[in-house]
Amino acid sequence: MGFGEIAPDRRVRVQGEPVASYPRIAPEVERGAVRRITVVGEEILRRRCREVVEFGTPGLARLIDDMFATNQVAEGAGLAANQIDVDLRVFVWDMTDDWGVRHVGHIVNPVLDEVPADERELVEETEGCLSVPGPYRMVPRLGRAVVRGRDKEGKPLVVEGRGYFARCLQHETDHVNGRLYLDRLARRERKTALREMEEAKEEAFARRAANAAKWGK
Ligand SMILES: [Zn+2]
C-alpha cells in the first residue's frame with residue numbers, strides 16, 4: 001500500500017452498516033433455539049411466503065433469533081424462514097464475503113432491485129443450500145445485488161452485496177419466493193444433485209446434531 005491509499009474497510013457490516021466491533025457469535029445465536037431445517041420436497045419451500053404485517057413483536061424477534069441459531073449450527077451462510085417451516089418473508093445471514101468482510105443481519109419482506117438486461121453481469125460460482133444438504137453446484141448469479149425491505153422493528157432497510165454476499169442475498173430472496181437454486185440448473189444437473197443429496201444427507205444431519213450438542217442447543 002502506497003501513500004495516499006485508503007486501507008480497505010474490513011469492519012463487520014451489521015444490517016448493512018459498518019460497526020466498530022462485533023462478537024464472534026451473534027447475540028441472536030445465543031438467544032435462539034435450533035429448529036428443524038426443511039428439505040427439498042417439502043411443500044413450504046415451493047410457495048411464495050406471506051408478507052410480515054406486524055413489526056416489533058416478540059414473535060418476530062424470536063423467529064429471527066431461532067433462524068440465526070439454526071443457521072449457525074448448520075454452518076450456513078444464510079437462512080430463510082420457510083427453511084424452518086415458517087411461512088413468512090424473512091431471511092437472515094452471517095457470512096464472510098470475497099474480501100474478508102463479515103456481513104450479519106436480517107431482513108423482512110425483501111425485494112431485490114431489478115437490474116436492466118444490458119447491465120446484468122453474471123458470475124458463476126458454486127452454491128449449496130441447507131435444504132439440499134450435501135451437494136454444491138455452479139450457479140450463475142449477479143455479481144452485485146441490492147435488496148430492500150424492513151428490519152424487525154419495521155424500519156426501512158437497504159442492503160447491498162457484492163461477490164458471495166450478493167449471491168447469498170439472491171439465494172435467500174429466491175427462497176421466500178418459493179424457489180431453490182436447483183431450479184436454476186439444467187435438468188440433468190438437478191437430478192445428479194438430488195442423488196448426491198440422498199447419499200450425503202444423513203451425514204449432514206449428524207453433523208448438525210453434533211454441532212447443536214456442542215453449542216448446548
Ligand atoms: Zn438455501
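Let's start in a loop: Asp-85 sits between β3 and β4 (90-96). Keep in mind that this is a predicted model. The phi angle of Asp-85 is near 70°, which is a positive value in a residue other than glycine. How exposed is Asp-85? It is partly exposed, because 13 other C-beta atoms lie within 10 Å, and a residue has to have 12 or fewer to count as exposed.

Glu-75 is another residue to look at. You'll find Glu-75 in the loop between α2 (58-73) and β3 (78-80). Glu-75 isn't a glycine, yet its phi is positive, at about 55°. Glu-75 counts as exposed, because it has 11 C-beta neighbours inside 10 Å.

Here are the two residues together:

| Residue | Phi | C-beta atoms within 10 Å |
|---|---|---|
| Glu-75 | about 55° | 11 neighbours |
| Asp-85 | near 70° | 13 others |

Now zoom out to the whole protein. It has four helices and nine strands, and along the sequence they come in the order β-β-α-α-β-β-β-β-β-β-β-α-α. The radius of gyration is 17 Å, close to the 17 Å that the globule rule gives for 217 residues, so the protein is as compact as a globular protein of that length.

What share of the 217 residues is buried? That comes to 36%. As for contacts between residues at least 6 apart in sequence, 69% of them join residues at least 24 apart.

Technical notes
Residues are numbered from 1 along each chain as its sequence is written. This is a predicted model: local features need pLDDT of at least 70, side-chain atom pairs count only at pLDDT 80 or more; totals for chains, interfaces and linings use all residues. Helices (H or I, at least four residues) and strands (E, at least two) are DSSP runs, numbered from the N terminus. The radius of gyration is taken over C-alpha atoms; the globule rule is 2.2 Å times the number of residues to the power 0.38. A residue is buried if 20 or more other C-beta atoms lie within 10 Å of its own, exposed if 12 or fewer, and partly exposed in between; C-beta atoms are placed from the backbone. Two residues are in contact if their C-beta atoms, placed from the backbone, lie within 7 Å.
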